[in-house]
Amino acid sequence: MLDYMDIKPEVKRALEENKPVVALESTIISHGMSYPENIESAKTCESEIRKEGGVPATIAIIGGRMKVGLTDEELVYFGETKGIRKASRRDVPMLIASKLDGATTVATTMLIANLAGIKVFATGGIGGVHRNAQQTFDISADLMELANTNVAVVSAGVKSILDIGLTLEYLETQGVPVIGYGTNDFPAFYTRKSGYSVDYNADSTEIIAKAIKVKEDLNIKGGMVIGNPIPEEYEMDYDFINNAIDKAVQDAEKKGIKGKNITPFILSEIHHITEGKSLYSNKKLVYNNARVAAKIAKELCALY
Ligand code: PSU
Ligand code: MN
């Protein structure tokens, strides 16, 4: 495995010394946000994790190497370079064999984090079951990865560009724990509530860390979804954002956008329709997830 992977020395040391490490994804840099906000956001996530006493490990594929922890130069390269491929699980073998770059999705970031021994990962939103998946079969590989790979993912829930109800059903079928952090309602990214409830409302990061440890001790395979609602002051108006999302989804349909291009297309449409307001909220919720993930990672280290 190490033939294909470079772990940043700081991250390697932290893992060896049982210090808290938090993985971050790179699709959000290349396809989730526009330049230069993508770089600002990636750097701020890292500094928020450090402020909590954690070590950030942004994950990406560069020149066919799985990178666990990026240097500032690599991070800027990722933010500036156009056309980096979105790398889901199935892209990994060819990207490595062909020495290409890849921006890792939640699925691929989990896969690589797990290979490196990182147990906690912060992102904005996870992929899920798309609206109309009954016809299109479009279900993100993120969900299968959550079913199989032992990494806990802190997100602000699922955007209503997806079918939130079906996404939660799918996670239930696959045996993936879905936990609300201080909420009974699964969050919907830009808004604190989705209208779908969670079975467990955890009021501390300590209890979440314990649940991760129990899962590991019992050898229960798979990840965990921690739904961390966007802070109230950055929450968007429910009708305003959902109208924008509906319009973006219709535009994608009209233009015949398919497959891996759908999520990036819709995100950039939403940012455009809301005149940047959604991008602002997006950044704030990601920082909040980075902080909570670092707290969970810290609590988890205390259990070993
Ligand atoms: N949701 C967001 N922003 C994102 C993504 C999802 O709000 O950038 C990205 C994540 O990397 C996620 C991926 O893993 O999109 C899911 O893509 P797909 O549906 O093609 O699996
Ligand atoms: Mn898809």
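I took helices (H or I, at least four residues) and strands (E, at least two) as DSSP runs, numbered from the N terminus. Residues are numbered from 1 along each chain as its sequence is written, and chains are lettered from A and ligands numbered from 1 in the order in which they are written. The model is predicted: local features need pLDDT of at least 70, side-chain atom pairs count only at pLDDT 80 or more, and totals for chains, interfaces and linings use all residues.

**Cis peptide.** I found a cis bond between Tyr35 and Pro36, with omega about 5°. Pro36 sits in the loop between helix H2 (27–32) and helix H3 (37–51).

**Positive phi.** I checked Asn132, which is not a glycine, and its phi is near 70°. Asn132 lies in the loop between strand S7 (120–122) and helix H7 (133–136). I call a residue buried if 20 or more other C-beta atoms, placed from the backbone, lie within 10 Å of its own, exposed if 12 or fewer, and partly exposed in between.

I placed Asn219 in the loop between helix H10 (205–217) and strand S11 (224–227). Is Asn219 buried or exposed? Asn219 is exposed, because 7 other C-beta atoms lie within 10 Å.

**Helix H8.** I listed the buried residues of H8 (residues 141–148): Asp142, Leu143, Glu145 and Leu146. Seen down the axis, they fall within an arc of 160° (taken from the directions from the helix axis to the C-beta atoms), so they line one face of H8.
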